[in-house]
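Please look over the sequence and the 3D structure shown here.

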There are 4 protein chains.
Amino acid sequence: MTAFPEVGKIEYEGPESRNPLAFRWYNPDEVVEGKTMKEHFRFSVVYWHTFRGTGSDPFGPGTAVRPWDDGTESVENAVNRVKVAFEFIEKLGAPYYAFHDRDVAPEGANLKETYKNFDTVVDALEAEQQRTGIKLLWGTANMFSNPRFMHGAATSCNADAFAYAACSVKKALEVTKRLGGESYVFWGGREGYQNLLNTDMKRELDHLGKFFHLAVDYAKEIGFDGQFLIEPKPKEPTKHQYDFDSAHCLAFLKSYDLDKHFKMNLETNHATLAGHTMQHELEYCGTNGILGSIDANTGDLLLGWDTDQFPTNYYLTTECMLSILKFGGLGTGGVNFDAKVRRESFEPLDLFYAHIGGMDAFAKGLKIAAAIRADGKLDQFVKERYASWDSGVGAEIEADKHDFKTLEAYMLEKGDVSPNSSGRQELLEHIFNMYM
Amino acid sequence: MTAFPEVGKIEYEGPESRNPLAFRWYNPDEVVEGKTMKEHFRFSVVYWHTFRGTGSDPFGPGTAVRPWDDGTESVENAVNRVKVAFEFIEKLGAPYYAFHDRDVAPEGANLKETYKNFDTVVDALEAEQQRTGIKLLWGTANMFSNPRFMHGAATSCNADAFAYAACSVKKALEVTKRLGGESYVFWGGREGYQNLLNTDMKRELDHLGKFFHLAVDYAKEIGFDGQFLIEPKPKEPTKHQYDFDSAHCLAFLKSYDLDKHFKMNLETNHATLAGHTMQHELEYCGTNGILGSIDANTGDLLLGWDTDQFPTNYYLTTECMLSILKFGGLGTGGVNFDAKVRRESFEPLDLFYAHIGGMDAFAKGLKIAAAIRADGKLDQFVKERYASWDSGVGAEIEADKHDFKTLEAYMLEKGDVSPNSSGRQELLEHIFNMYM
Amino acid sequence: MTAFPEVGKIEYEGPESRNPLAFRWYNPDEVVEGKTMKEHFRFSVVYWHTFRGTGSDPFGPGTAVRPWDDGTESVENAVNRVKVAFEFIEKLGAPYYAFHDRDVAPEGANLKETYKNFDTVVDALEAEQQRTGIKLLWGTANMFSNPRFMHGAATSCNADAFAYAACSVKKALEVTKRLGGESYVFWGGREGYQNLLNTDMKRELDHLGKFFHLAVDYAKEIGFDGQFLIEPKPKEPTKHQYDFDSAHCLAFLKSYDLDKHFKMNLETNHATLAGHTMQHELEYCGTNGILGSIDANTGDLLLGWDTDQFPTNYYLTTECMLSILKFGGLGTGGVNFDAKVRRESFEPLDLFYAHIGGMDAFAKGLKIAAAIRADGKLDQFVKERYASWDSGVGAEIEADKHDFKTLEAYMLEKGDVSPNSSGRQELLEHIFNMYM
Amino acid sequence: MTAFPEVGKIEYEGPESRNPLAFRWYNPDEVVEGKTMKEHFRFSVVYWHTFRGTGSDPFGPGTAVRPWDDGTESVENAVNRVKVAFEFIEKLGAPYYAFHDRDVAPEGANLKETYKNFDTVVDALEAEQQRTGIKLLWGTANMFSNPRFMHGAATSCNADAFAYAACSVKKALEVTKRLGGESYVFWGGREGYQNLLNTDMKRELDHLGKFFHLAVDYAKEIGFDGQFLIEPKPKEPTKHQYDFDSAHCLAFLKSYDLDKHFKMNLETNHATLAGHTMQHELEYCGTNGILGSIDANTGDLLLGWDTDQFPTNYYLTTECMLSILKFGGLGTGGVNFDAKVRRESFEPLDLFYAHIGGMDAFAKGLKIAAAIRADGKLDQFVKERYASWDSGVGAEIEADKHDFKTLEAYMLEKGDVSPNSSGRQELLEHIFNMYM
Ligand SMILES: [Co+2]
Ligand SMILES: [Co+2]
Ligand SMILES: [Co+2]
Ligand SMILES: [Co+2]
Ligand SMILES: [Co+2]
Ligand SMILES: [Co+2]
Ligand SMILES: [Co+2]
Ligand SMILES: [Co+2]
């Protein structure tokens, strides 16, 4: 039995290929800057969009044609879906996948049954991981869909929601450990507010801080040493999500003494909804030592919601790879396609086209980024631009040899600053194009 | 000699008045929640927009008719302008004003002359403060207009810009102290980047951290004990300002061990440009103990730049006052009209209309806020909404009596969460209107 | 049997009332500017949000508790729901309602059965209309939810979708006529594109023009003389909706010689998503003679999707009523609450709170607007501002007595323009507040 | 005397060149789809940004170093600047330029002197055009900078502003004709409103319609047969510009019976500020027969103001060229760089880098677009997607053989629509990348 009979293993055919079911740039074993492409990207397929997405939107129900799925919330259907997922991932050649608890297994009538359902499906996942060698990039728990979480999970006004969320994370941590997951992600789906009139922000943030500490403690207790990641998003579904962007997360983590335990899982579309480029968020996190992993997708900057489109823009992928290379790679993170096919792209084949397009775009971006770095012109420009800090008063300031009084003495003597240099933005953008 | 011969002292005439040169709501000595309105608001007039604004925009030169101003950058003109400013503020009845160094005094041919010009004007300011009793809310230095700061001040790639900025802040601190200024504000005008291709973010942030430490040290040295404030703004003039919003500032301050020394000066239009309501920023800062002062204005949410309009919306002013009352007032901060008349409102009289409208809107907002608080219905709703945290498992969690395992035991037993309650947003908004 | 046992008829209790299940401002028989409030507003309840909304969003399923609804798509359930709807509308005291075909009746296995289902429910609607006196403001057809319309209806690349849509509109027109509906609305749910790469815009627009002509022809044929309305919306669900805003609609209608047959149904949240205030859209349509009806709601300007919140802001409702009064009312249109309770406001009672809050906000807005108009100060200001057009060269230009050469002669003689007057925006906003 | 001694004629050196002062893609005589690149693009340099831009912004004065400019508003300086401009344009190899009256010549003490100043500079422009063969793409009049136009020009509440504007356009039309300008552009700089409280929209729009008719009449009278163009922009400097986007312009032109006389001059940054992609605006105008010319630049979609950056993104330029080729080219229009160097790019050399980068990006975009068209895969996909309209019921509908009743008969018989096909957005974006 195969779910995708018309598709075989996706192969690398090189740039001249016009076969949309082959890679033109992603060549897993090709070495760039000392690592294979496979190692650079650690591509991951997401269970939620790719195997649970229906194409529904607020204006209409699902459209997706998924012949293997009987449309029920049965455990049997869930177990069967696991095989389809691994067939897809294996044919695609992605080494990783990622899931929420609720993506893979349905809720039961109570928590106990929910655990049981989950365990049954995890058996199947484990078997398929062993069969294929595909690994779990990270696990996570869905604490935003079920109505019990309508007011939030850890930040709910209902203390029971906190307690239930604790169970969700406890179990998801155990499963993630069992399946060899390399990280664990928190996306605060409804951790935020719809309206300040009914919200006690301080109490909610305190609860969130406490929740994260309990998670850290439990991970330690069970010996899960994967990286904890927070995925920032500014809004949607709530009006304001507490994890608005990476700076909000960092401020929160430091306020609650959690910053040693967490890094960021950055998503392009979340970055832009927060008013930042993805490159900004990457640089910000790299600079602050909290770059963990990325959710590779793109948004439409003229739309105000999270479209989670597959990334195909070479400028975007090049900028991502420039930052990722600069900060030494993603460690135990990866390039995770938190992206969904459009409602109108309803055939199974579209899932392949979409992922191949995204993987190729990243591979091309890596090659461009590596060429830029090998050439060194852009780096050299930056280095020279800050040359005034490498000697004289600049170096002295960096070496803590100045205070306001000595600087005043220096400038009173000099009268005004040495001339500035042109920022050369237009030239740099033009040079960037030379590598495209 | 008078600059505003047609305007006398603006008086309180009460809600029935239709005189646009009188207050309908702002009654400085009226007591609300135990303090006079004057004490609540500590209204402040800004020198930059109100006495230096010309009405120029990127598409045309200034339009403002200011008969007292000879249009030159002479010290004499600057000194003369001081008298006009104090006549205006005195007639308006605002107890405070605020300025940048460059608003009040022109640059000279070199730093030394610039200092001298500044001192000359400060003599005049001091004399007018003494004559009128009007006080300085806060001082600040303009480190963004002069081309020497094109690449930033503390974050410039040109180390001399850092050194010059040090002199600017040193001098401005001294002047602020001399004039009795109660706070000192940093708005990072060009502390950010236009383009990541030419930017070393890490180095720039390190320099900014160092700069703030030097400022803190110098303030201590001279015994200036006013509050340091940062004014967040996300973009404009740069593509990305490091002080994007209060969360970015907080993360930065904590990263550089500066958080004990700084609070925020929040501006409505900056909040909305960052994707937040002003109320959000107030609640966030109040919650994090960093609410310092506010720049009272409003933006146009359908426009993408900082319009700095005068605030007249009662919902906005009520929300501001609710938060300010909740967090115990603004301390040494105040309600500072960082707002400018439109380019088409070019007459001196428009300055009066604008400020009176803004002050009245805040006074009305205070009265509504106080009524809401006196009634207690909204507060009561919030308190009850979180009741599950006041006893049972909620109280136990808050008291650190639970971990993931005990919570799991609790929920396995219970099966699922106790029912949620309606968030009642529509009811709350309807009730809010009952106080309008 | 009652669906809302805890709620009786909502009564007017006056401004001092604190009863959230009473009107404080909406007094149906109170006369304002010669018409009763009931006549001014012609309030309408929408079937889709209020009786079919579940509270689902892209991140979770429905939350709404609707004890009367068995959750099935049966005709029986649909007929039963009709009674609940009319109980609600009657208790609320709204004189109108509005629906899409699919809101009231489920699809059948084929078009014929779908017709039959619809007819069965229409019988029930007709009976309830007769029993209660509640009338149909307008009818419309849902041509966006069913996957058959995934690529659009009239603008689909699938010609059958056009044919099916023709049936939908034909039937909906017949039903609207039968039920005495006073208008018929087109909202082009998926009439737009997701991507230009797969789109033939010209062909799609031609099809849309043809479709509207066929609808106009058929209405004539069956003697339906209600007003045709288009509801503009810029985006969502598609990336670009052809009916982006009222100007786009007007350009389209004129291009296809349809402008005599259509007016606009304006929605606040659609206006703001398009970058306009609701007041702008009202003035634009009034000015162009195409103001038909309004969907009364509000959005959150910091969010990028259609939140369809209930309107409670007095500034918004006052601006709406100022424009509506200025252009002589809404004719056969009305104030239709295309608004939904938040996902967290899941109880039946929230539906009452929400509508009462909205109706009261509009009633208060009407009273403020009427006071502004009675006073005449703002109108007088505008009239005087354009005084130069009432005599001299202005009047001559308006009377077509000038061309470029005579104007040049005039201005060469004069040298430059007579002085401008201040636009007084700040004063006007301050005066506006005097009526709040 | 040379203004740019360090730069010679910019030459085409081919893709392998790394010389930033050479073209890598723009090869003026290279033939693509039967026309030379020179003919395709008709590149134009703008006088305002390139020769009058100072780098000032709302937060600081100019930074630009322009050694040839004495900084005065003298006619002598203006005449001298003409030589510099033509040296630049000639070295760059652009065949066209464009200007506002006020860019090239200063105002005098009255209209008469203003005319005289203009004539003097036009003599110099004419001489340089003859010397170099560089031509005028289009002329226009600045009716937004001078305070006399603060409330608008044709739409001002001050009738004299209309009269003065008439003179400006009259003169600019005469000059454009004299200099052989191929089009004439209207950008409605302040034709809009800041606030509806003081605005009579109907009267303003009527005046604007009248103004355009007078312009059309005068052009006819003097035999100027260049194309009239309107440049849409949604906001900035006003809150709402009447020429919001091309659809607003089209609706207006049709309402005032002007649509036969005008086409659009589209600008990328104006498109995106209005919520559209540039490609959308191009397709919309092409579809409606009003595509005239383009202002080639780009904005930053995360910023809310008109940044007018030089375009360097290959996706953008490819999309532009796909649409331009599809609609048969730009006729008497061209690719006009309405773009400015950043405030920090203050050296004359930056002007070269910026233009070369932009021209190369467009040349590369043309080559990609031509390859896509030559291959035909994307066009073929679109054609097949609409195949249902080429026969059967679709063809019959297009041939006007159906009404609602016949379509109902067809669908009642059929029961439901024939299956839809996948929209394949992800595949198409992936295929698009194959040509990059
Ligand atoms: Co994600
Ligand atoms: Co997302
Ligand atoms: Co401010
Ligand atoms: Co501001
Ligand atoms: Co609507
Ligand atoms: Co809506
Ligand atoms: Co332009
Ligand atoms: Co522009």
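The sections below go through these topics in turn.

## Basis of the report

This is a predicted model, in which local features need pLDDT of at least 70 and side-chain atom pairs count only at pLDDT 80 or more, while totals for chains, interfaces and linings use all residues. Residues are numbered from 1 along each chain as its sequence is written, chains are lettered from A and ligands numbered from 1 in the order in which they are written, and side-chain values use heavy atoms, with hydrogens and water left out.

Glu267(B) sits in strand β12 (residues 262-267) and Asp308(B) in the loop between β13 (291-295) and α11 (314-326), so the pair ties together parts of chain B that are 41 residues apart in sequence. Helices (H or I, at least four residues) and strands (E, at least two) are DSSP runs, numbered from the N terminus. Both Glu267(B) and Asp308(B) are buried, meaning under 20% relative accessible area (1.4 Å probe, protein chains only).

## Gly286 in chain A

Gly286(A) belongs to helix α10 (residues 278-287) of chain A. Why is Gly286(A) counted as buried? Its relative accessibility is 17%. Leaving out residues up to four places away in sequence, Gly286(A) touches Leu291(A) and Phe327(A), where contact means heavy atoms within 4.5 Å.

## The interface of chains A and D

In this interface, 46 residues of chain A are in contact with 46 residues of chain D. The area buried between them is about 3,800 Å², and carbon and sulfur atoms give 56% of this. Buried area is the accessible area (1.4 Å probe) that two parts lose on being put together, summed over both. Leu302(A), Glu426(A) and Met434(A) supply 18% of the area that chain A buries against chain D, more than any other three residues.

The rule finds six salt bridges across the interface, each a side-chain nitrogen of Lys or Arg within 4 Å of a carboxyl oxygen of Asp or Glu. Glu426(A) forms a salt bridge with Arg342(D), with the closest N and O atoms 3.9 Å apart.

Methods:
Buried < 20%, exposed > 50% of the residue type's maximum accessible area, 1.4 Å probe, protein only.
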